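I opened this entry to look up the ligand sites and then the nonpolar packing.

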Amino acid sequence: MSARVYIETFGCQMNITDTERAATGLRRAGYELIQQPAGADVILFNTCSVRERAEQKVYNRIGELRKISGNNMPVIGVMGCVAQLEGPAIFDNSTAVNFVAGTQATDRLPALIERARGGEEAVVDIGDRETGEVWDVSPVERHSPYVAFVPIIEGCNKFCSFCIVPYSRGREKSRSATEIIAEVQSLQKLGYKEVHLIGQNVNSYRPKSPDGLEGHAGATPFSRLLRAVAATGIERLKFTTSFPRDFHPDIVSAIEEYPNLCDWIHLPVQSGSDRILQAMRRGHDSTDYLKRVEGIKNSRRMLSLTSDVIVGFPGETKQDFAATLNLIDQCEYDGLYIFKYSKRTGTPAARLADEISVAEKSERFLELEQRQQAVQQKVYSDYVGRKVSVLVERGSTRSSEDMTGHSTCHKVVNFKGGPQLEGQIVEVLITEAKHYSLYGRAC
Ligand code: SAH
Ligand code: F3S
């Protein structure tokens with residue numbers, strides 16, 4: 001009998017696509033993929049290291065499984081960002097781990113698993129991808145039958161002072177446009193309704209050659225790529241994340257030209273204080289950022305805007321925090337992800353003094369959350385009486401009579417309907433706005 005593998009994924013969309021890619025490669029190599037840890041011969045944790053809590057999660061999970069498994073411990077592997085950063089140190093943190101596979105070792109997993117299953121101890125591969133191997137696996141195992149993530153750029157060159165990603169994911173590498181377009185076309189044939197172009201910073205997209213972008217006018221390679229992918233006719237096209245400094249107004253123009261380019265932009269600001277933005281090494285101040293927001297808000301299409309903010313960066317004073325609150329009011333975001341600053345060893349910010357206390361960070365977190373909730377209540381209630389187009393993803397967990405999905409503007413929308421609608425795009429008239437979701441009826 002072939003070995004059964006269970007993969008548990010933490011973290012961002014990039015990790016989700018790496019899991020898809022790992023699953024594809026493992027199935028090709030003859031493994032059976034299962035959806036729960038019980039009965040697995042191999043358990044793989046695809047890990048995230050962006051904040052300390054995320055990193056701690058994996059060790060807690062290993063501990064839990066150890067209790068459940070008793071003497072029948074499966075072979076355990078750690079892949080992803082923690083694996084890349086910690087390497088063999090993982091074996092010191094958890095003796096249950098048999099092998100470690102870095103962020104560039106996904107395609108070599110079958111060999112690593114076999115070495116570990118063969119009894120070799122402490123197997124580690126945190127090396128680079130092999131030449132020619134970089135993007136050539138188009139996953140056939142996808143996390144959803146309707147929505148597909150397509151990586152266009154991996155890694156990050158920005159080195160924001162708080163962030164570990166440039167160390168765990170390496171330098172920016174853009175995928176060829178021809179390959180991206182071919183993948184989207186094949187997804188379309190398979191019936192996928194929505195594609196998300198993903199990357200740490202999608203708008204820093206810079207392929208080695210312009211192949212595939214010919215004939216698609218645009219100010220930057222990314223806006224040309226958006227036009228080229230939208231021209232495939234895929235029903236809905238989203239992209240995330242955009243980096244403010246590289247956010248060219250032509251991206252908004254492309255969205256205006258192609259109705260299938262969705263009306264949602266995720267543009268993380270991190271802080272509203274110029275002093276803190278400088279210490280974060282973001283490469284922009286609040287005025288630059290607000291200029292881009294103005295361009296987005298002035299679009300003739302109504303665009304939804306979301307963001308990330310970190311509270312409690314070292315040295316953040318009450319005035320700095322007040323500047324963030326102020327910016328949040330000005331931007332009227334459709335959604336905001338708030339994070340408490342988490343010190344990451346190896347980043348420049350880890351050496352800064354003036355750490356903010358845990359209690360203060362929590363206080364700021366709650367204050368910002370409340371402020372955003374007030375903004376969001378207004379933004380969401382503006383949708384009442386309007387129609388949105390929803391890709392129906394599943395039955396609602398709250399009510400057996402409701403279905404749920406995302407609008408083109410990336411809001412969660414619930415409405416009365418049956419499971420036969422799953423995978424379809426439905427027009428929904430919004431009748432009620434909650435804090436984080438909309439409710440309506442199909443029309
Ligand atoms: N451009 C990337 C950002 C990756 S990290 C992307 O979204 O793909 C995602 C978010 O995590 C960041 O925008 C930031 O708000 C938060 N984050 C990153 N490092 C952090 C840290 N050390 N402490 C707290 N939050 C952090
Ligand atoms: Fe991190 Fe800044 Fe890059 S937040 S992923 S270093 S753009």
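I am working from a predicted model, where local features need pLDDT of at least 70, side-chain atom pairs count only at pLDDT 80 or more, and totals for chains, interfaces and linings use all residues. Residues are numbered from 1 along each chain as its sequence is written, and side-chain values use heavy atoms, without hydrogens and water.

Ligand 1. I looked up its shell, taking residues with a heavy atom within 4 Å. There are 14 residues around ligand 1, and Gln-200, Thr-241, Gln-270, Asp-308 and Ser-342 come nearest. By class I noted five nonpolar, five polar and four charged residues. Strands β13 (304-311) and β14 (335-340) each supply at least two of the shell residues.

Next I checked polar contacts (N or O pairs within 3.5 Å). A nitrogen of ligand 1 is 2.7 Å from a polar backbone atom of Gln-200. An oxygen of ligand 1 lies 3.1 Å from a side-chain N or O atom of Arg-51. A polar side-chain atom of Gln-270 is 2.7 Å from a ligand 1 oxygen. Alone, ligand 1 exposes 540 Å², and the protein buries 86% of that (Shrake-Rupley, 1.4 Å probe).

Ligand 2. Its shell includes Cys-156, Cys-160, Cys-163 and Arg-282. I noted eight nonpolar, one polar and two charged residues there.

Cores. I looked for buried nonpolar residues (under 20% relative accessible area, 1.4 Å probe, protein chains only) joined through side-chain atoms within 4.5 Å. The largest core has 65 residues, of which Leu-197 and Phe-239 touch the most other members. Helix α8 (residues 221-230) gives the most to this core, six residues. Another core lies apart from it, with 21 residues, among them Phe-10 and Phe-91.

Note on methods. Chains lettered and ligands numbered in written order. Polar contact = N/O pair within 3.5 Å; in protein donor to acceptor, adjacent residues only side chain to side chain. Helix = DSSP H or I, 4+ residues; strand = E, 2+ residues; numbered from the N terminus. Nonpolar A, V, L, I, M, F, W, Y, C, P; charged D, E, K, R; others polar. Buried < 20%, exposed > 50% of the residue type's maximum accessible area, 1.4 Å probe, protein only.
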